[in-house]
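Subject: Structure handover

Hello,

Here is the structure I promised to pass on. Please open it alongside this message; my notes follow below.

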Amino acid sequence: MPDPILCLEGLSKEYPTKSGSLTVLEPTSLTVGVSELVSIVGPSGCGKSTLLHIVGGLTTPTSGRVLLDGHEVTGPGAERGMVFQAYTLFPWLTVRQNVQFGPKQRGAKKAEREQLADHFLDAVGLHGFRDHFPKQLSGGMRQRVAIARALANSPRILLMDEPFGALDAQTRTVMQELLLTIRSKERTTTLFITHDIDEAVFLSDRIFVMTARPGRLKAEICVPFGSDRSPDLRTSPEFFQIRAEVYDLLHSEGQAVVDAEIAAGSSASG
Ligand SMILES: Nc1ncnc2c1ncn2[C@@H]1O[C@H](COP(=O)(O)OP(=O)(O)O)[C@@H](O)[C@H]1O
Ligand SMILES: [Mg+2]
């Protein structure tokens with residue numbers, strides 16, 4: 001494996017509730033190496049966002065710690081660029097101003113900020129839209145801006161929480177290909193959360209499969225397709241083979257979620 005950038009050491013999370021504490025994440029350890037894209041797939045509610053929020057410094061773990069380049073994470077920081085499913089652009093700023101926001105915060109001069117914004121807007125194919133406001137853009141375009149904004153901070157790692165989850169299937173496919181192109185140029189290390197198996201296989205170097213809540217890592221799958229991937233990969237036998245492996249691991253977890261929901265419903269009504 002390449003040199004590690006990010007190490008999660010025994011991260012767990014419990015939330016206090018009226019009926020005692022709710023374990024959302026069981027002790028979880030993993031490492032992400034330089035320039036890798038590692039994804040985590042798991043059923044709804046298994047603690048994926050909780051895990052990513054801990055890495056982002058937005059939530060504190062109940063136990064364990066996160067190390068970035070060997071330093072413990074204690075809060076949010078620009079070296080971890082976050083992209084969420086929901087659109088999080090500043091509506092009162094133009095596209096270009098949104099992308100310049102991080103560099104401006106760290107005191108970058110105007111010329112440098114503009115150069116960074118132009119570079120990354122180019123990378124996401126939105127140069128012609130730099131003076132638009134977010135509300136004038138489609139969902140896919142807004143996520144392109146969100147990616148450009150995260151990259152403009154030159155993060156050590158990009159943390160993406162179902163970033164294409166709200167997009168229609170065609171736009172989603174295009175965005176996945178865009179992410180591959182950006183990664184082959186910028187070599188950005190990425191921790192990627194999704195529940196979409198195809199997306200995970202198409203994008204990842206390694207995939208961790210989580211169990212239903214309380215989430216823990218159930219399996220690790222290496223995806224041996226290298227960094228130069230063409231859209232044709234999606235229809236290759238090798239792709240289908242790995243897809244089937246992940247599907248088998250996830251299917252029983254999805255069933256566990258549905259069974260738990262049905263059991264909770266019947267105990268509540270009876
Ligand atoms: N602040 C909170 N207090 C109590 N429970 C929470 C809180 N945040 C999330 N949860 C619960 O933790 C579980 C995991 O949530 P989440 O990490 O969002 O799952 P995922 O992203 O895998 O769908 C869910 O059951 C959710 O209801
Ligand atoms: Mg989530």
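The side chain of arginine 206 makes a polar contact with the side chain of glutamate 36, at 2.7 Å. Bear in mind that this is a predicted model. Arginine 206 sits in strand S9, which covers residues 206-210. Is arginine 206 buried or exposed? Its relative accessible area is 8%. The cut-off for buried is under 20%, so arginine 206 counts as buried.

Proline 214 has a relative accessible area of 30%. That falls between the 20% and 50% limits, so proline 214 is partly exposed. Serine 12 and proline 214 are 202 residues apart along the chain. Their C-alpha atoms are separated by 9.7 Å.

Now the ligand. Which residues are around ligand 1? They are Tyr15, Val24, Pro43, Ser44, Gly45, Cys46, Gly47, Lys48, Ser49, Thr50 and Arg213. By type, this shell divides into four nonpolar, five polar and two charged residues. Helix H1 (residues 48-56) gives the most to the shell, with three residues.

Some polar distances to check on your screen:

- Glycine 45: a polar backbone atom is 2.7 Å from an oxygen atom of ligand 1.
- Serine 49: an N or O atom in the side chain is 2.9 Å from an oxygen atom of ligand 1.
- Arginine 213: a polar side-chain atom lies 2.7 Å from an oxygen atom of ligand 1.

Taken alone, ligand 1 exposes 570 Å². The protein buries 62% of that area.

Last, the core. In soluble globular proteins, nonpolar side chains tend to be buried together. Here the largest nonpolar core has 46 residues. Which of them have the most contacts inside it? Those are Val124, Ile147, Val201, Ile207 and Val246. Helix H4 (residues 139-151) supplies the largest share of this core, seven residues. Where does the core lie relative to domain 1 and domain 2? Domain 1 (4-79 + 157-228) and domain 2 (87-154) both give residues to this core, so the core lies between them.

If you look at just a few places, I would start with these. See the arginine 206 contact with glutamate 36. Then go to the oxygen atom of ligand 1 at 2.7 Å from arginine 213. Finish at the core between the two domains.

Best wishes

How values were computed: Residues numbered from 1 in each chain as written. Chains lettered and ligands numbered in written order. Predicted model: local features only at pLDDT ≥ 70, side-chain atom pairs only at ≥ 80, totals over all residues. Heavy atoms only, no water. Near = heavy atom within 4 Å. Polar contact = N/O pair within 3.5 Å; in protein donor to acceptor, adjacent residues only side chain to side chain. Areas by Shrake-Rupley, 256 points an atom, 1.4 Å probe, with all protein chains shown as cover. Helix = DSSP H or I, 4+ residues; strand = E, 2+ residues; numbered from the N terminus. Nonpolar A, V, L, I, M, F, W, Y, C, P; charged D, E, K, R; others polar. Core = buried A, V, L, I, M, F, W, Y, C linked by side-chain atoms within 4.5 Å. Buried < 20%, exposed > 50% of the residue type's maximum accessible area, 1.4 Å probe, protein only. Domains from an automatic or database assignment.
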